[in-house]
Structures are given as structure tokens and as C-alpha cells.
Amino acid sequence: MNMLGFVTLCQKEINRFMSVSVQTIFAPLVSTLLYLLIFGQVMPADASGFDQVSYNVFLLPGLIMMTMLQNAFSNSSSSLIQSKMYGNLDLLLLSPLSATEIFLAFVIGAIVRGMMVGIAILLVSQFWIPFVWINPFWLLSFALLTTFVLGALGFLAGLWADKYDKLAAFQNFVILPLTFLSGVFYSVSALPLFWQQATWFNPFFYMVDGFRYGFLGVSDVSPWLSLGITAVFAVVLSLLCLVLLAKGWKIRR
Amino acid sequence: MSNAIAVEISQLSKAYQGVAALTDVSLQIPAGSFFALLGPNGAGKSTLIGIISGLINADAGSVKVMGHNVQTDFRAARRALGLVPQELIDEPFFSIHQLLRIQAGYFGLGKSQWAWIDELLQRLGLWDKRDAYMPALSGGMKRRVLIALALVHKPVVVVLDEPTAGVDIELRLSMWAFIRELHAQGHTIILTTHYLEEAEQLCEKIAILREGRLLALEDTQTLIASHPWEYIEVTLETLPAALPSVIADKVHRRSANKLVLRSARGSARSALLSVLSDAGLILTEMRQIEASLEDVFRTLTHTDVAK
């Protein structure tokens, strides 16, 4: 393994988003806090769908997870497509880094950004929504696994897209609807049966639901089921990315 | 020069959407040589270089760099090779200095390489721009950065894909001085260029491609010596606009009152003189011109359109 090369690429991916932290860390922090403030004010306290869980407390983990997964996706996808557009991806392709090393470094960059945004929201929200950590194992497992999955999905989208327009389409027509329909703002048990069943096909639902279990100790489905589905998703996406990257799909002509 | 092979290309083929870019190309580039890869636009030079450097996947055939297959032993092959690409790139997030250190890091080279990076910055006239970002640099400066990036891991084989395209004379001269120095130190230099004078002056061996096929592979002087024509420049008292066809067929170039005439190598010069005399043209001066690489190139690639 080219360990120094791998560490260098990880550092580059992290330094890249940190060099524009107003856009990559503070902007999502502010917009998420606005969601929290507005929805927390206008929704009834008992709208969570769970006994003894106020809507504010219910909403917080969902919003944290939504922001984490969106930022993890944005990081790897925008880094890759910018490298393509600026032409500097060739510098990476000329180096002795393997497909696995390149893929993992991009995903680690996405995980770090997702975790930083999530932790920032958690810390700031404590000023008006004190939380109790029911189970740090579930919290951390779902946070890491979800940012991994979205980092991989972003990598796949970045590989596929050959212009910013395509990436924006993927973000607006795939990531955004799946996020909003994943139970961030509501418990799926409150939905009509058809929409409940439709939600079960949304992988983001399991990520949000499992993460919320770590906070509240309550969830719509078993956290083990959510963990299993998210893990399968992570494995399948990783294999797909590695095969395409090794073949040079859309990057080696 | 040793008998070692720096780059071994075997039966390489590549097509884009059914259109052949390279067809069954095989050639060997000796280690330590200064090698030119020539051809008109669309000949397949950049495709070949892309495959050698791993940026393009071949449809068939194989390439080895210093004995390492670029597909199956890519780490060793890429460590042995540095490419200066034809297209300029940008990188808005990192300064030139940071970029070079990152690129060295990709090759597994840490602080031990920083002194070489500083030397590269000095040698290529980039030291004052080391904290600048690529988008703020001129085209010539970007070209220098690309050269530095290609050399950051001290590759044994250096590939320059049209490095002097759009580059001013000062940079061109300083760049060639630096590349010559690298060659003298034992690096293999592979060059593509449309400036054939550069190739003739610098390169010991030349390959010519046309429409994806290898047309010629020779030592530079052997290739020039094999040219079927020799040239005679004649200065005339007056040069009529229309020439008799027997002369017009032999004209290689014409300017003011001068004609460069083509005749078969070794043919009698007196025959040419009598043709001029018969046409009533008065000769004031005559000299023989050696065939250049450009003459050979134009004949081989059928781009000899000068009349």
C-alpha cells in the first residue's frame, strides 16, 4: 500500500473543504439551525408521534443526519467534478495510487466534513435543546456509516457527471427528495399506509431512523435492521465505485 | 547509451467509437535516449502518450515503462514516468508550493523531497510565484508548473506532450536547457512537437505516426539520409510568375527570385541546369541544401503540398 500517498490525498481532501469553511461548514450549520428554529416553533410539541418526546427533540437528530448526509455527498461529488473540470484529476491518475486508495481518501474527506457539520449543529443546538445520549454506539455507528455511504454515492455521482448541471440534477432529483422523504421531519408511523410502505424502499429512512434511535431510544423500525440495510448499501456502493474506478469509467479515456 | 529499453510498446491499438486512433503500433524507446514522436494532427501521438502514462486504456496490446507493465504493475510504471501534459490545468484550492508537495506525497515522497521541490521552483523561475495559485498565473507560468509537477518524483522517463505550444522564446530556450540537462543526467526524454526543427536539433531517434500507424522509426540522421530527394536553391535574375511544367514539377519552395528545386538523390546536376537554360532563365547563384527533418516528415506524411 502507498500509505504516504493515501494520507496525502486524505489531507488534501480535508484541507480542500476547510479552505472554504464558510461555505462547507458554517453555511450548512446556519441553515440547519434555521430549520430547527422555524419548525420547532410552528409545529405542535406533540407532533413527534412518540409519547414523551417533544417535536424539537425528535427533529434534532433527523436534521443533524440530513445535514451530515447532504454534506458528505457534496464533498466527494464536488471535489471529483471540480478536479475533472479543472483538469487536475490527471495529476492523481498519473500517481501510483490504487483505485481503493483514491476511493477511500475521497470518502474519508466526506466523512470528516459530515461529522464536523454534525458535531457543530449538535453543540450549538444545546443552547435550547438539551439532549440525552441514550446510546453513543448507535449514534456513532450510524453517523460514520451514513457519511461513508453518502461519500461513496457522491463519488459515484462525481464519476458519472461530466458537467456541473448533471451533478446538480443528481443532487436535486435524487438526494434531496430521498432526504426529505426519509422521516427527518415526521415519524413514518404518522403517514398513510401507502407512503409508509414507499418509505421502506428509501435507504435514507433507515439512516435517519437508526441515528434517531441513538438519541431517543425510540425508532420506527429496529436499529439492527437499519444498520444491516445501511451496511449492505455501503458495501454495494463501494464495490460499484471500485470496479468503475479501476476500469477508469469516465475518467481514463 | 545502454541497450536497456525505457518504453516498450507492443501491438497497441485504440479506437474511439469505431474510429481507429492507433492500429497495431509496436516500438521500443531506448533508455537514456532523447526520442521524438512526430505526426500531423490526429496521428495518434497524444493517444499513445496517454496510454504510456496510464491516462488512456488501450483496446489491445501492452506498454511497459522500465520493464513495468502500465496496467498490471502500475505503481512501479508510474513512479518511473513523469508526464507534462499538453492541456493546461487549474487548481484553485492550493498554492504552487502546496501542489508540488501534495504531488510528491502521492508518490510516497515526504519531507526528503522538499529540497528538490525548492530546486525545481528555482530552476523553472517559479520561486517568486510559489505562494500563488494556478488561476492567477499566465499560460507560460502554468506550463512551468506542469513541468515541475512532472519532475517532482525525479522520474527516469520524462514525457513532454507538445511542451512548447504557445510558449514564448525565452521560456522555450530555458526549458530546453533544463531538459537537455536532465537528458545528460541519464533521463529518457520523449517529446511530441509540431516544431520539427526542435525535434531535429534535440532528438537522437524519431518515430513518425500517421493515422494511427507507425510510418518510420529511425535514428534522426539515418532518417534524414534516407530521404529520396536532394534540394538545390537557385537564384534567378528574374523569376516569371508562370514556369514551364518541366520546372514547375520540381519546385519545392519559391520566394522572391529564388527557387528550391527537388531532384532525385544522386541525379546529375547538369541536367537540371540545362532545363533552366532551355527555359531562358538566367542563373546568378546556386547552392545545395541538405534535406531537413521537415522535408522527410512532409514526404512521409503526404503533407508536402509546396509547389
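Guide: What follows is a set of questions and answers on this structure.

Guide: This is a predicted model, in which local features need pLDDT of at least 70 and side-chain atom pairs count only at pLDDT 80 or more, while totals for chains, interfaces and linings use all residues. Residues are numbered from 1 along each chain as its sequence is written, chains are lettered from A and ligands numbered from 1 in the order in which they are written, and side-chain values use heavy atoms, with hydrogens and water left out.

Visitor: How many helices and strands does chain B have?
Guide: Helices (H or I, at least four residues) and strands (E, at least two) are DSSP runs, numbered from the N terminus. On that basis, chain B has 11 helices and 14 strands.

Visitor: Which strands are at the edges of the open sheet of six strands in chain B?
Guide: The order in this sheet is E6-E7-E8-E3-E9-E10, with mixed pairing; two strands pair if DSSP finds at least two bridges between them. An edge strand pairs on one side only, and in chain B these are E6 (81–84) and E10 (213–219).

Visitor: Within that sheet, which residue is the bridge partner of Asp161(B)?
Guide: Strand E7 (residues 157–161) of chain B pairs with strand E8 (residues 188–192) of chain B in the parallel sense, over five bridges. The partner of Asp161(B) lies in E8(B) and is Thr192(B).

Visitor: Why is strand E13 of chain B largely enclosed?
Guide: Buried means under 20% relative accessible area, exposed over 50%, and partly exposed in between (1.4 Å probe, protein chains only). E13(B) covers residues 258–264 and is largely enclosed by the rest of the structure because the buried ones among its seven residues number five.

Visitor: Which residue in the turn between E12(B) and E13(B) has a positive phi?
Guide: Strand E12 (residues 251–255) of chain B pairs with E13(B) in the antiparallel sense over four bridges, and Ser255(B) stands opposite Lys258(B). The two strands form a hairpin with two residues between them. The residue with a positive phi, of about 40°, is Ala256(B).

Visitor: Is Asn75(A) buried or exposed?
Guide: Asn75(A) is found in helix H3 (residues 55–86) of chain A. Contact means heavy atoms within 4.5 Å, and, not counting residues up to four places away in sequence, Asn75(A) touches Glu13(A), Arg16(A), Phe17(A), Gly109(A), Ala110(A) and Arg113(A). Its relative accessibility is 0%, so Asn75(A) counts as buried.
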